[in-house]
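This report describes the fold, the packing and selected local geometry of one protein chain. The sequence and the three-dimensional model are shown first.

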Amino acid sequence: MINIAVFVSGRGSNFLALLKNIEKGVLKNCQISVVFSNNPNAKGLEYAENAGIKTIVIPSKNRQDRENYDKEIINALAPYNIDLICLAGYMRIVTSELVQAYKNKIINIHPALLPSFPGLHAQKQALDYGVKVAGCTVHFVDEGMDTGAVILQKTVPVYDNDTEESLSARILEQEHIAYSEAVALYAEGLLKIEGRKVITMDKSK
Ligand code: GRF
């Protein structure tokens, strides 16, 4: 059984999807031990409280001291024996403090097919570029912005009449599936990082 910390800054739908899949028994061998947020008003915190999951809030407003901020997170997480951190709409760049403290134990979901369209407004970037296929990426987190090794990706079509909203909604549906799949692989110990590549080992071997 692995202990997961989910980091949220807002809506929290990816967190909720993980939680639902754990509750349904679709996602096995893991539990969400704590939800962390840098935003006291994050909707995701409410979902956590309703589900009886512990929450930690360290407001990041007016905090420029990113390293110290991340050290506070590390201290706050220590009692939970966290095996995996899932960034789920966590709108803050993590520093090397956190990345090194949880080396290869932090994953993120991004609403684009990386390495295309990193950073903010990925769906709008894709739409403006005129791509015909979009999607989402679950990846390990390193010191860069959306640059870590890719665990898995899901694609969706882009239609001529798509708006940022319609494309985002189509991608979000796949995000909710992709994140649970990636966490399941991690929880089963089936992911092996070899340089930039994440090898998914065969369960039957
Ligand atoms: C998602 O699109 C995720 O890919 C991105 O931020 C959004 C968070 O949505 N990193 P939610 O808070 O999980 O609903």
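Helices (H or I, at least four residues) and strands (E, at least two) are taken as DSSP runs and numbered from the N terminus. On this basis the chain contains six helices and nine strands. The model is predicted, so that local features need pLDDT of at least 70 and side-chain atom pairs count only at pLDDT 80 or more, whereas totals for chains, interfaces and linings use all residues. Residues are numbered from 1 along each chain as its sequence is written, and side-chain values use heavy atoms, with hydrogens and water left out.

## Overall dimensions and surface

The radius of gyration, taken over C-alpha atoms, is compared here with a globule rule of 2.2 Å times the number of residues to the power 0.38. For 205 residues a compact globule would have a value near 17 Å, and the 16 Å of the chain agrees with this. The C-alpha trace spans about 50 × 50 × 35 Å along its principal axes.

A residue is termed buried under 20% relative accessible area, exposed over 50% and partly exposed in between (1.4 Å probe, protein chains only). Buried residues account for 48% of the 205 residues. Accessible areas come from the Shrake-Rupley method with a 1.4 Å probe, and for residues only the protein chains shown count as cover. The chain exposes about 10400 Å², of which carbon and sulfur atoms supply 50%.

Contact means heavy atoms within 4.5 Å. Among contacts between residues at least 6 apart in sequence, 63% join residues at least 24 apart. For the charges, Lys and Arg count as positive and Asp and Glu as negative, while His and the chain ends are not counted; each charge is placed at NZ of Lys, CZ of Arg, CG of Asp or CD of Glu. The mean positions of the 22 positive and 23 negative charges are 3 Å apart.

## Helix H1 and its cover

Helix H1 covers residues 13-23, and its buried residues include Phe 15, Ala 17, Leu 18 and Leu 19. Ser 13, Asn 14 and Asn 21 are also among the buried residues of H1. The elements that cover them include strands S1 (2-8), S2 (30-37), S4 (84-87) and S5 (106-110), together with helices H2 (43-50) and H6 (164-187). Gly 25, with a positive phi near 80°, follows H1.

Val 34 lies in strand S2, while Glu 164 and Glu 175 are found in helix H6. The table gives the relative accessible area of each residue.

| Residue | Relative accessible area | Class |
|---|---|---|
| Val 34 | 0% | buried |
| Glu 164 | 26% | partly exposed |
| Glu 175 | 6% | buried |

Leaving aside residues up to four places away in sequence, Val 34 touches Ile 4, Ala 5 and Val 6, as well as others including Ile 53, Ile 56, Leu 77 and Ile 82. With neighbours within four places again set aside, Glu 164 is in contact with His 121, Lys 124 and Leu 127. Under the same exclusion of neighbours within four places, Glu 175 is in contact with Asn 14, Ile 109, Pro 111 and Cys 136.

## Aromatic pairs

Rings of Phe, Tyr and Trp (its six-membered ring) pair if their centres lie within 6.5 Å; planes under 30 degrees apart count as stacked, over 60 as edge-to-face and the rest as tilted. This rule gives five aromatic pairs. One of them, Phe 140 with Tyr 186, is tilted, at 6.4 Å centre to centre and 55° between the planes. The pair links distant parts of the chain, with Phe 140 in strand S6 (residues 133-140) and Tyr 186 in helix H6, 46 residues apart. Both Phe 140 and Tyr 186 are buried. Ring pairs also link Phe 7, Phe 36 and Tyr 90 into a cluster.

## Backbone exceptions

Most residues other than glycine have a negative phi, and most peptide bonds are trans. The peptide bond from Leu 114 to Pro 115 is cis, with omega near 10°; Pro 115 is found in the loop between S5 and helix H5 (122-129). Asn 29, in the loop between H1 and S2, has a positive phi near 60° and is partly exposed at 41% relative accessible area. Asn 104 also has a positive phi, of about 60°. Asn 104 is found in the loop between helix H4 (96-101) and S5, and is partly exposed with a relative accessible area of 38%.
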